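Below is a short briefing on one structure, grouped by topic. It begins with confidence and overall make-up and then turns to particular residues.

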Amino acid sequence: MATVNETKWLTKYQQLKDYVEQHHQLPDKKKVENRGLLNWWKYNKKLAKLDKLSEEKLRMLQDLSDSRIIKSDKKALFL
């Protein structure tokens, strides 16, 4: 059974995933309505660098990062 925090994490992940699937990019920091999702992404990126995320969450976030359309030819990595 998932904890409350785990459930919240999965909810935010799904919201961001839906946004990326629709817009092919992360939310714009200048648009207030989606800033929370961008902040969640950046916070998890910070946790990943501190090695405080499980392998499963890292994989999920990397998959999400890989699904974005990158304007340059370089492939963006989550870490």
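**Confidence and overall make-up**

The protein chain has an average pLDDT of 87, and 86% of the residues score at least 70; pLDDT is the predictor's confidence in each residue, from 0 to 100. Over residues 71–75 the pLDDT is below 50, and beyond near neighbours in sequence this stretch has one contact in the model, contact meaning heavy atoms within 4.5 Å. This is a predicted model, in which local features need pLDDT of at least 70 and side-chain atom pairs count only at pLDDT 80 or more, while totals for chains, interfaces and linings use all residues. Residues are numbered from 1 along each chain as its sequence is written, and side-chain values use heavy atoms, with hydrogens and water left out.

**Fold and surface**

- The protein chain contains three helices and zero strands, where helices (H or I, at least four residues) and strands (E, at least two) are DSSP runs numbered from the N terminus.
- Along the sequence the pattern reads α-α-α.
- Confidence in the protein chain is lowest in H3, with a mean of 93, and highest in H2, at 96.
- Of the 79 residues of the protein chain, 30% count as buried; buried means under 20% relative accessible area, exposed over 50%, and partly exposed in between (1.4 Å probe, protein chains only).
- Among contacts in the protein chain with a separation of 6 or more, 44% come from residues 24 or more positions apart.
- The protein chain has an accessible surface of about 6000 Å², and carbon and sulfur atoms account for 52% of that; accessible areas come from the Shrake-Rupley method with a 1.4 Å probe, and for residues only the protein chains shown count as cover.

**Helix H1**

- Helix H1 covers residues 4–23, and at 1.5 Å a residue its 20 residues should span 28 Å, which agrees with the 29 Å between its end C-alpha atoms; the expected span is 1.5 Å times one less than the number of residues.
- Which residues of H1 are buried? They are Trp9, Tyr13, Leu16, Tyr19 and Val20.
- Seen down the axis of H1, the buried residues fall within an arc of 125°, so they line one face of the helix; the arc is that of the directions from the helix axis to the C-beta atoms.
- These buried residues of H1 pack against helix H2 (35–49) and helix H3 (55–66).
- Val4 and Gln22, on the other side of H1, are exposed.

**Aromatic pairs**

- The count of aromatic pairs comes to two, with rings of Phe, Tyr and Trp (its six-membered ring) pairing if their centres lie within 6.5 Å; planes under 30 degrees apart count as stacked, over 60 as edge-to-face and the rest as tilted.
- Tryptophan 9 and tyrosine 13 form a stacked pair, at 5.6 Å centre to centre with 5° between the planes.
- Tryptophan 9 and tyrosine 13 are four residues apart in helix H1, and therefore separated by about one helical turn.
- Tyrosine 13 is buried, with a relative accessible area of 8%, and tryptophan 9 is buried, also at 8%.
- Tryptophan 9 and tryptophan 40 form a tilted pair, at 5.3 Å centre to centre with 55° between the planes.
- That pair links distant parts of the chain, with tryptophan 9 in helix H1 and tryptophan 40 in helix H2, 31 residues apart.
- Tryptophan 40 is buried, at a relative accessible area of 11%.
- Trp9, Tyr13 and Trp40 make up one aromatic cluster.

**Asparagine 34**

- Asparagine 34 sits in the loop between H1 and H2.
- Its relative accessibility is 18%, so asparagine 34 counts as buried.
- Not counting residues up to four places away in sequence, asparagine 34 touches Tyr19 and Pro27.
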